[in-house]
Amino acid sequence: MAEKKNTLFDRPGGYAMPTGATARQREAAADLANAGAANQIRLLGDQMDPHQPASLGTITPAYTLADPQTEVFVGDCRDILPALPEWANGKVDLIFADPPFNWDVPYDEWADGMPWVDYERFTYDWLDACISALAPTGSLWVNIPDDTAAEIVLHLKRRGLTMINWCVWHFRFGQHRTGSFIMSKVHALYFVMEPLERTWNPEGVLEPSDRAAVYGDARTQAKDEHKGLRVPMDVWYGKNWGRVQGNNKERRPQHHNQIPEVYLERVIRSCSNEGDIVLDPFLGSGTTCTIARELKRRSIGIEYGSANAKSAFERIQQGAVRVKYDEPTRESSTIFPERVTQPRRRRGTSDSKSS
Ligand SMILES: C[S@@+](CC[C@H](N)C(=O)[O-])C[C@H]1O[C@@H](n2cnc3c(N)ncnc32)[C@H](O)[C@@H]1O
């Protein structure tokens, strides 16, 4: 007997899944949040005391630009986030966080080699400060490698946030090694406070579909809207998506782990509107504020190192290299060359014989 296909799909605000699985997930999410609130989910970093934010009073940005409002603060994001000015505190629409990975990278002033238990505590502290800064409709994106992804997902779930996508940024220029498979990805975790209230703009990030770019499928051009286009898949790669290094024209000297402009374009266009507040607690070379500005969003960047912050601000003033407001970047991510479809040959006819 033919297998009965489950055609009931429902995941409000997220990717499609069978309704049964969705219902189970919702229960699990509620259970996790309840257990988190009751302090029943213990992670390694929980054994350390939480960071006590410094009493900073009224904080002043080190650098500002107007229209759209752009502010760069120098300091520890665990101290700056709770002290954000009134126009932003609890009102941030989108946070993009690309923290130090604890890989001993020589970041300006930040020491990137803590005992792991301290690093986990640090991670939960900045995540909690971000959650408090978000608007109820806000989104939180975290760029993180394999080492800490699982802990971050669990922490955000125990704090009651909902995961919309677990994206993967795939790059082709991983560092050579022979003892294990070459690392060629970082996780891009997309969480929200309220799945049904979140800002989501697929139109801003559509890309050519494989149907259009590879197969020349006429049906995709016959659609009422988004002809030949699709929402990108959750594995991100392609032209201009490589690691920013060497002679890449986006490259900023003295900055480590710089994120490609198109990555921030995708996050900011899809999860915020013009005039919204975008925040980056680990500003680095300034990618987030640079792209936010190009896309007419207000933004706040926080950076621990004062030289990094100065350099980031210079970049924000200069503007983006690839991303501009008028033209969404719409590169096909197909991995196959275009195929020319040949008309089918009939069996037994002369044109079906091999020559
Ligand atoms: C991975 S880099 C961010 C790179 C950035 N996404 C870019 O595209 O250039 C992390 C940055 O966070 C900064 N940082 C580390 N700890 C910090 C903290 N507690 N508060 C604020 N900034 C911090 C480091 O100095 C470094 O510049």
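How many bridges join strand 4 to strand 6, and do the two run parallel or antiparallel? Six bridges join them, and the strands run antiparallel. The structure is a predicted model, in which local features need pLDDT of at least 70 and side-chain atom pairs count only at pLDDT 80 or more, while totals for chains, interfaces and linings use all residues. Residues are numbered from 1 along each chain as its sequence is written.

We can start with the sheet. Helices (H or I, at least four residues) and strands (E, at least two) are DSSP runs, numbered from the N terminus, and two strands pair if DSSP finds at least two bridges between them. Nine strands form an open sheet with mixed pairing, in the order 1-2-11-10-3-4-6-5-9. Its edges are strand 1 (63–65) and strand 9, each of which pairs on one side only. Strand 6 is joined to strand 5 by eight bridges, again in an antiparallel arrangement. Within strand 6, Tyr190 is the bridge partner of Trp141, and Phe191 stands opposite Met163. Strands 5 and 9 run parallel and are joined by two bridges, with Trp169 opposite Trp236 in strand 9.

Burial comes next; a residue is buried if 20 or more other C-beta atoms, placed from the backbone, lie within 10 Å of its own, exposed if 12 or fewer, and partly exposed in between. Six of the eight residues of strand 6 (residues 185–192) are buried, so this strand is largely enclosed by the rest of the structure. Helix 7 (residues 261–271) is also largely enclosed, because eleven of its eleven residues are buried. Its cover includes strand 3 (92–97), strand 4 (134–144), strand 5 (162–170), strand 9 (235–236), strand 10 (277–280) and helix 8 (287–294).

Helix 8 holds Ala292, which counts as buried because it has 30 C-beta neighbours inside 10 Å. Contact here means C-beta atoms, placed from the backbone, within 7 Å. Leaving aside neighbours within four places in sequence, Ala292 is in contact with Ile268, Val278, Arg297 and Ser299. The C-alpha atoms of Ala292 and Glu265 are separated by 8.0 Å, although the two residues are 27 residues apart along the chain.

Finally, the ligand is surrounded by 22 residues (C-beta atom, placed from the backbone, within 6 Å), the closest being Phe282, Gly284, Ser285, Thr287 and Tyr304. Helix 2 (77–80) and strand 11 (298–303) are the elements that give two or more residues to this shell.

Terms used: Contact = placed C-beta atoms within 7 Å.
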